[in-house]
Amino acid sequence: VQLQASGGGLVQAGGSLTLSCTVSDRTLSPTDMGWYRQAPGKQRDLVATISSEGRTTYADSVKGRFTISRISARNTVYLQMDGLKPEDTAVYYCKVGILWSGRSAPNDYWGQGTQVTVSS
């Protein structure tokens, strides 16, 4: 399963970026899709997730600033990031779950990561 993430870059504090992540195989139907981030020297943390039914969860640090969405027909998940802060600087990774036939739980797959840098 290949995931293609894009949209990272350098932005000033207060600016906006939109990340996208697409599952290349259109025959698959992801369950949960989400974004995580990892700053230098820190663990990878959850940013936001969205279920196949559209239920969303957010880390407290991004609530009210970030919005996760998905277009199931495109197998794509987006992360709209507004009001960016220097502490949002990290490599952002997408993760999707794929429930294979005969399995009781989905397998998780990660994208390659995209750098987001917010300057003060």
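Serine 51 sits in the loop that joins strand E5 (44–50) to strand E6 (56–58). The model is a predicted one. In it, serine 51 is buried, its relative accessible area being 7%. Leaving aside residues up to four places away in sequence, serine 51 touches Thr31, Asp32 and Arg70.

E7 runs antiparallel to strand E8 (residues 76–81), and six bridges join the two. Within this pairing, isoleucine 71 has threonine 76 of E8 as its bridge partner.

Four residues lie between the strands of the E7 and E8 hairpin. Asparagine 75 is found in that loop. Its phi is positive, about 50°, although the residue is not a glycine. Asparagine 75 is buried, with a relative accessible area of 5%.

| Residue | Loop | Relative accessible area |
|---|---|---|
| Serine 51 | between E5 and E6 | 7% |
| Asparagine 75 | between E7 and E8 | 5% |

**The disulfide**

How many disulfides does the structure hold? There is one. It is formed by cysteine 21 and cysteine 94, whose sulfur atoms are 2.0 Å apart. The link of cysteine 21 and cysteine 94 is right-handed, with 50° about the S-S bond. Cysteine 21 is part of strand E3 (residues 17–23) and cysteine 94 is part of strand E9 (residues 90–98), so the pair ties together parts that are 73 residues apart in sequence. Cysteine 21 and cysteine 94 are both buried.

**The largest pocket**

The largest pocket has a volume of about 150 Å³. Its lining is made up of Arg37, Gln38, Ala39, Lys42, Gln43, Asp45, Glu87, Asp88, Thr89 and Ala90. By class, the lining residues divide into five charged, three polar and two nonpolar. Two of the names in the lining also fall within strands described above: Asp45 is in the lining and strand E5 covers 44–50, while Ala90 is in the lining and strand E9 covers residues 90–98.

Methods: Residues numbered from 1 in each chain as written. Predicted model: local features only at pLDDT ≥ 70, side-chain atom pairs only at ≥ 80, totals over all residues. Heavy atoms only, no water. Disulfide = S-S within 2.5 Å. Buried < 20%, exposed > 50% of the residue type's maximum accessible area, 1.4 Å probe, protein only. Contact = heavy atoms within 4.5 Å. 1 Å grid on protein atoms, 1.4 Å probe; cavity = no way out; pocket = protein on both sides within 12 Å on 5 of 7 lines; lining within 4 Å. Points joined across faces, edges and corners; volume = space filled by probe spheres on them. Nonpolar A, V, L, I, M, F, W, Y, C, P; charged D, E, K, R; others polar. Pairing = 2+ DSSP bridges.
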